[in-house]
Amino acid sequence: MQANNQTVGEARQVIRLGIIGLGRFSRYHLICLSQQTDVKLVAVADLNKDQVNEVVEQWNCKGYLDWNAMLDNESMDAVIVLTPEMYHVEPVLKALSKGCHVFVEKPLALEHEEAAKLVQTAEQANRLLMVGHVGRFDTRLLKIKRAVTEGRLGSLRSIYARRNNPKKYFPIYRRSSPIYILGIHDIDLMHWITGSRVVEVFARSSSSSDSEHDLIWSMLKYENGTIGVIENNWLMPDNTPAEMDIRMEIVGDSGTIHFQEPDRSLEFWVDDAVTAPASYSWNEVYGQYYGDLHNEMNHFYECIRQNKPSSILNPYDALEAVKVAEAIVQSSKTGLPIKLS
């Protein structure tokens, strides 16, 4: 892709945008979109007619119950795909075939063959394909990445990551292994931080009452010798102080780094509960929202304007994350270690 030659004072390109999927996470994307002055929401598509009508009324855009019809009938520069993870492949493929740049929430797909097809299609179409590995836009994690890259920890020995969520959300997300919803974040972050690929995984999972696993532990062996451990579950109690429990510990020969979200630097002690809001990832400042997702979407739109691929969200990294997640699921089923080519 070649960069646009935009001169000083020239009007910025208005990006015509479509959104496929108006579920729980779409409201955050719409808030981010409301702060973009030169991105126009052209159309949305979702199976929920009431949700479509609500967004159409608020945004004065077209509404569809069929994303195929939206892609066939509307002229758009970019599409955001927010469907459940098992329904990413077809809308992403068609949006790329229609000449749209695509942002899709993680994971890219559930199988690495499908993920590879999406990456190859984007290359052939000369379109951007970005996957929502939003942790790469957390300023604290970026400092960790830089410290490791600069060798401040010496030789990297291990990374432990924990990402657990309340059990009240499990009925929504039980459709997939926790590794695709929770662990995929840390699979990507570990790859990003270590700069090394996973060569072997071993995993164990369990369930509370039925066949749907709500807990999984994964051990990863990296090409550079680093050992990774990922803990994921949907078992946090309803009265937990926060909506997430995220930890990371990076160990090297010369030091360690500790990360926690929420970091408990801000707590509310009131009669009914003690709560600790996430103080970095999502913040309101006088009616404007800022944080990791806001920065991620700004980056997507700026890459479209400059007509260049992302230096942060490489689709091949998203493909690698799917390969590792798929191997973890296989290992948890067979009880055996899985080697990655």
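## The main core

The largest nonpolar core in this predicted model has 36 residues, and the ones with the most contacts inside it are Ile-187, Val-201, Met-248, Ile-250 and Ile-328. A nonpolar core here is a set of buried Ala, Val, Leu, Ile, Met, Phe, Trp, Tyr and Cys residues joined through side-chain atoms within 4.5 Å. Buried means under 20% relative accessible area (1.4 Å probe, protein chains only).

Several elements supply at least two residues each, including helix H6 (139-149), strand E7 (156-166) and helix H10. Helix H8 gives the most, with eight residues. Helices (H or I, at least four residues) and strands (E, at least two) are DSSP runs, numbered from the N terminus.

Apart from this core lies another, of 30 residues, with Cys-100, Leu-118, Ala-122 and Val-322 among them.

## Two helices side by side

H5 (residues 112-125) and H10 (residues 315-334) pack at about 170 degrees, with axes 9 Å apart. Axes are lines fitted to C-alpha atoms, for helices over the stretch in contact, and angles run from 0 to 180 degrees between N-to-C directions. So H5 and H10 are roughly antiparallel, a label for angles over 145 degrees.

## A look at Leu-30

Leu-30 sits in helix H1 (residues 26-34) and is buried, at 11% relative accessible area. Leaving aside neighbours within four places in sequence, Leu-30 is in contact (heavy atoms within 4.5 Å) with Ile-19, Leu-41, Val-55 and Trp-59.

Residues are numbered from 1 along each chain as its sequence is written. Local features need pLDDT of at least 70, side-chain atom pairs count only at pLDDT 80 or more, and totals for chains, interfaces and linings use all residues, while side-chain values use heavy atoms, leaving out hydrogens and water.

Methods
Parallel < 35°, antiparallel > 145°, perpendicular 65-115°, else oblique. Buried < 20%, exposed > 50% of the residue type's maximum accessible area, 1.4 Å probe, protein only.
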